[in-house]
Amino acid sequence: MLNPQPATRDSVHQLFDAVDAISVQGYDEERRVIYWNRGSELLYGYTAQEALGRRLEELIIPEIMREGVIAAHKEWVHKGVEIPASELELRSKDGQVVNVFSNHAMFINERNECEMYCIDIGLGDVKQAQAEVTLKENWLSAVFESTPDLYLLMSGNGNINNYHAGGFDQLYVRPEGIIGNNIADILPRNVALKFKAKIIEALEAGRVVSFEYELDFTGEIRYFEARLRSLERHEQVVAIVRDITDQHTASELIRKQAYFDALTSLPNRFLSLDRLLQMIKDMERESEKAAVIFLDIDDFKKVNDSLGHDVGDKLLVEAAKRLSLSVRKSDTVGRLGGDEFIVLLKSLTDCTGVVDVVENLLAAFREPFRIDGRELILTTSIGISIYPDNGDTATDLLRNADIAMYQAKASGRNTHSFFTREMNEMIMRRMEIEGQLHGALERNEFEVYYQPKFDVRDGKVIGAEALLRWHNPILGNVGPDEFIPIAEHTGSIVPIGKYVIEQALQFLVEWEGESRSGYTVAVNLSPRQFRDKKLVSFVEERLRDENLRPERLEFEITEGVLMAGQSYVEDSLGKLHQLGVRLSMDDFGTGYSSLSYLRQYDFDLLKIDRSFVSGITKNKEDRDLVTATIAMAHSLGLQVVAEGVETAAQLTLLRELGCDVAQGYHFSKPVPAKEMIGCRRE
């Protein structure tokens with residue numbers, strides 16, 4: 001028995017008052033009506049005013065059942081023997097038979113008296129429908145037997161309640177493994193997910209929905225079309241599945257002939273231009289850049305003329321394979337005709353991504369082509385146009401890429417050219433930097449500068465950040481914003497990074513001298529360095545060689561490193577933490593997921609990005625953000641470092657906000673090691 005509070009019972013009454021599809025009546029210990037909802041009025045014909053106070057047996061219980069009902073009620077009230085749920089034939093006000101399924105519940109009210117509630121669901125429609133079902137079953141059975149399709153009756157969650165198959169060869173599992181199982185249990189995951197999505201769509205839309213899928217029958221791929229329709233007033237769906245393998249094979253052949261190049265199987269000119277139009281629409285909607293790359297094989301005509309068209313065709317097939325392997329899966333490689341190819345690159349953040357792809361395309365032709373026992377050395381000329389900078393229509397982008405391609409040929413072939421002068425200058429600069437970067441470490445062109453870090457409270461130097469500088473005799477001074485991404489791309493950042501760590505630790509020993517001052521030095525780690533399996537052991541060895549405690553070394557980690565989400569990043573960070581070096585979250589506030597990373601990794605410091613520090617004395621938003629960041633970091637046991645401090649006013653405010661450490665031009669620019677040696681704590 002249940003013992004609800006009056007407030008709970010009133011809430012339940014309010015709920016049932018709002019529901020007229022279910023009959024709910026309440027009776028006291030003498031079986032007098034104490035509650036009669038709208039559903040009871042509709043089912044039995046008595047209004048609540050007519051029913052209240054009258055006994056159960058006087059209202060809806062047929063005479064033949066009355067003694068049994070009275071006895072059963074007393075047994076429950078006095079002995080706790082519950083009345084089971086069951087189907088009953090009761091009576092309405094006008095004497096008509098009312099078929100119901102009746103459930104019962106007993107409550108103890110605040111006066112310690114029993115109250116029985118009956119919850120009745122009318123079965124009149126069910127009884128009427130049962131007579132119709134038999135006829136429909138016979139009719140459906142005849143339909144099923146005369147069609148070859150597979151029929152499935154499924155619940156909204158994908159459970160299969162019934163099925164009929166025109167032939168068992170349509171089934172993906174044995175017949176006994178169907179009924180009672182879920183569609184996810186008998187079909188591959190990708191197909192089952194499609195089924196479940198279409199089941200939901202059919203239930204919500206109330207119309208026929210369809211989709212196609214394929215199944216592998218022990219090496220034989222067969223194709224099917226499923227048409228789904230929900231059953232009215234039921235949370236069930238009927239699916240009619242038809243084998244369309246023959247139709248699919250025929251349509252695929254027609255489609256391939258219409259849209260794909262017969263020789264290379266790449267998208268042909270028609271399909272390539274269609275994808276270009278769609279890419280322009282997508283990039284316009286997403287406000288993103290895209291690139292059209294036009295390729296032409298240099299001196300291809302000579303191959304055809306000297307070796308024959310058969311060799312030329314084989315060469316085009318091999319070139320198509322190499323080009324396809326040089327781009328992302330989301331990009332398109334197409335053949336426009338002859339020896340002309342097109343590559344479509346979408347969703348570009350900047351032109352650096354285009355440069356990487358173009359270099360891969362050029363590299364794809366550096367290996368000799370081996371055709372019929374011959375080794376052929378071929379090159380390609382590449383032209384690039386950028387959407388929307390060089391055009392916002394397919395015609396303009398193609399024309400400009402074609403112009404750029406001829407510029408590449410005029411430049412000596414085996415190269416590429418952007419449509420605009422600015423982009424060409426950028427790529428030439430990148431190539432110059434990459435060329436000079438090779439061997440720069442061996443030529444001693446790098447130097448580590450140091451920017452001191454100060455205790456905000458007393459203004460004393462507590463450490464420094466190591467910052468790499470590069471002076472090349474040809475290029476002059478090259479900023480880290482230019483050469484670090486290129487070093488990262490080429491992999492040379494790994495030995496360069498080790499050089500910085502070695503220099504920083506040697507500097508720390510010399511800087512500290514005999515003062516025992518406990519300075520720390522911070523070094524930035526790039527994403528590529530984390531892929532070096534020897535990183536942690538290298539750091540451990542250098543610390544041991546310099547006789548430095550691990551906590552004297554800090555590694556600053558940007559969110560770009562963490563966003564990679566690679567296991568080797570997490571593994572390296574964990575090992576560095578175990579080693580005892582300090583970890584700092586760099587440029588905090590500039591990304592989207594910094595808070596989650598603070599929870600995921602064992603950071604010791606949090607470094608507020610200079611873009612927020614520069615505005616703390618000028619606008620409330622930056623000040624509030626810095627205030628919240630400091631409070632949050634301290635609550636997590638982290639020290640806070642503010643970079644880019646340029647004015648006394650900023651320093652004063654940071655001191656008031658409780659910031660721990662500051663660095664910036666207000667104190668000192670990055671300086672060579674010799675100058676930094678003299679900057680010791682007073």
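Colleague: In which sense do β12 and β13 pair, parallel or antiparallel?
Modeller: Strands β12 and β13 (residues 340–348) pair in the antiparallel sense, over five bridges. Pairing takes at least two DSSP bridges between strands, and a strand is a DSSP run of E, at least two residues, numbered from the N terminus. This is a predicted model, where local features need pLDDT of at least 70, side-chain atom pairs need 80 or more, and totals for chains, interfaces and linings use all residues. Residues are numbered from 1 along each chain as its sequence is written, and side-chain values use heavy atoms, leaving out hydrogens and water.

Colleague: Which residue of β13 is the bridge partner of V333?
Modeller: V343. In this hairpin, two residues separate the strands, and G338 has a positive phi near 60°.

Colleague: Why is β12 called largely enclosed?
Modeller: Because five of the six residues of β12 (residues 332–337) are buried. Buried is under 20% relative accessible area, exposed over 50%, partly exposed in between, with a 1.4 Å probe and protein chains only.

Colleague: New topic. How many aromatic pairs?
Modeller: The count is 19, for Phe, Tyr and Trp (six-membered ring) centres within 6.5 Å; planes under 30 degrees apart are stacked, over 60 edge-to-face, the rest tilted. F107 and Y117 are edge-to-face, because their planes stand at 90°, with centres 5.4 Å apart.

Colleague: Are those two buried or exposed?
Modeller: F107 and Y117 are both buried. F446 and W470 make a tilted pair, 5.8 Å between centres and 35° between planes.

Technical notes:
Helix = DSSP H or I, 4+ residues; strand = E, 2+ residues; numbered from the N terminus.
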